[in-house]
Amino acid sequence: MPKIAETSAKVHHLPEHGPIDPKTGREVLLSIRNVDITFGKGDNAVKAVQNASFDIYKGETFSLVGESGSGKTTIGRAVIRVNPCAAGQILYKGVPISGKISRSLDREVIRNIQMVFQDPAASLNERATVDYIVSEGLYNFHLFENEADRVEKVRNMINEVGLLPEHLTRYPHEFSGGQRQRIGLARAMVMEPELVVADEPISALDVSIRAQVLNLLKKFQQERDVTYLFIAHDLSIVRFISDRIGVIYKGKIVEVAEAEELFNFPMHPYTRSLISAIPIPDPQLEKNKVLFTYDPSIHDYSTDEPELVDIGNNHFVYGSKKELEEYKAIREAGVPMKSITIRDPNAPGAAASEDDSVDTSEILNAPLHDTGSIWYLLLSLLLPVLGIIGALIFKSKNYIKNYKACKKGAVIGFCIFGAIVALFLILLLIAALF
């Protein structure tokens, strides 16, 4: 992580570009530096975030993952200046934005950093029309030349998020959850922000709607060079939309790495426990899966103070010196780690070990079009020989659902044809006898 010089002079405006990370050569848009966030005072004080540090590069999707109550949303709200920092700094383009800042800088921060909230119903004003909700930021910062320009900007944004112009006169309660989240996304994007804090924007949505919202986020990123701080707890989704991932446990950042690096080499035991909890899209394997449970008592920090250190490949892990040496040795060996263990179904009472584990990376990386469509079943039923051939091809390419559909259709087809042939032979035998 690059060292950014602290400025004592009061800054009134944001620079055009942020500092460059000397290791990667990329522009650092947001820096979290040793941040502590505390709620309450005195004996009742609770430290929700402790010594958190990470960088977000311009144009990337940085995901912050962890279980409920780990401090993800707390950090996100601190970035938009809702939660104050008890210690440390938050820097945007190298300029400190935590604590007391000038009014002009505060307005620029609000203008450049927007947030999409987890609950689309609670984050929208029920008494305001969609037109006013989306236009509120434009009004506050006067980001339009005249009324016609404002109307055009709002209508264009509503169209971009997949809603219709006639929706502008309606109220939030008249929409579904997915539509309300689109309104929240339109409200953020109409400000043309550089950084968007997306606080679990799909967790309250139906599974069928989640992909649409994620595609919208990626569309805006490609077209407008938007940077995302994506807060989530579902690693199966995070893997495919993130450039880099930060793992947080009880307010402490325990691991930061690129998405594939983190999944191939999950060094911290807590990261491995999160990966092992990802559902496997095969009921038989999921039934026999053994969860990797994280036990914090395995760490001995009594003599050696832990810290977040780069062990190579821009991979940061939190641990003591002894643990970090072990992590470095594992990483230098270059052998991908298995976080998912499958119990042998033939010996349900036997204890599972990592040596007996099944490599489920192919299953977790199931192809996008592996839907198991009913058409595969019907075609295989009508043409069972082609169905068997198709099943074998699908199985070799890891299209598990399509393979099962073809196999099922072919088996039913062979049974039907066999029954027809048997009936025909019986009728011939009867005709020959009489």
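This is a predicted model: local features need pLDDT of at least 70, side-chain atom pairs count only at pLDDT 80 or more; totals for chains, interfaces and linings use all residues.
The largest nonpolar core has 55 residues. Within this core, the members that touch the most other members are Val134, Ile183, Met189, Phe220, Leu235, Ile245 and Val247. Ile183 gives a view of such packing: setting aside residues up to four places away in sequence, Ile183 touches Leu124, Val130, Ile133, Val134, Leu163 and Phe175.

Gln181 lies in helix α5, which spans residues 177-189. The relative accessible area of Gln181 is 3%. Buried means under 20%, so Gln181 counts as buried. Apart from neighbours within four places in sequence, the residues in contact with Gln181 are Val116, Phe117, Gln118, Pro120, Pro201 and Leu205.

Phe417 belongs to helix α15, residues 400-433. Its relative accessibility is 41%. The partly exposed class runs between the buried limit of 20% and the exposed limit of 50%, and Phe417 is therefore partly exposed. With neighbours within four places in sequence left out, Phe417 is in contact with Leu381, Leu382 and Pro384. Leu382 is 35 residues away from Phe417 along the chain, and the C-alpha atoms of the two are 9.3 Å apart.

Methods. Residues are numbered from 1 along each chain as its sequence is written. Side-chain values use heavy atoms; hydrogens and water are left out. Helices (H or I, at least four residues) and strands (E, at least two) are DSSP runs, numbered from the N terminus. Buried means under 20% relative accessible area, exposed over 50%, partly exposed in between (1.4 Å probe, protein chains only). Contact means heavy atoms within 4.5 Å. A nonpolar core is a set of buried Ala, Val, Leu, Ile, Met, Phe, Trp, Tyr and Cys residues joined through side-chain atoms within 4.5 Å.
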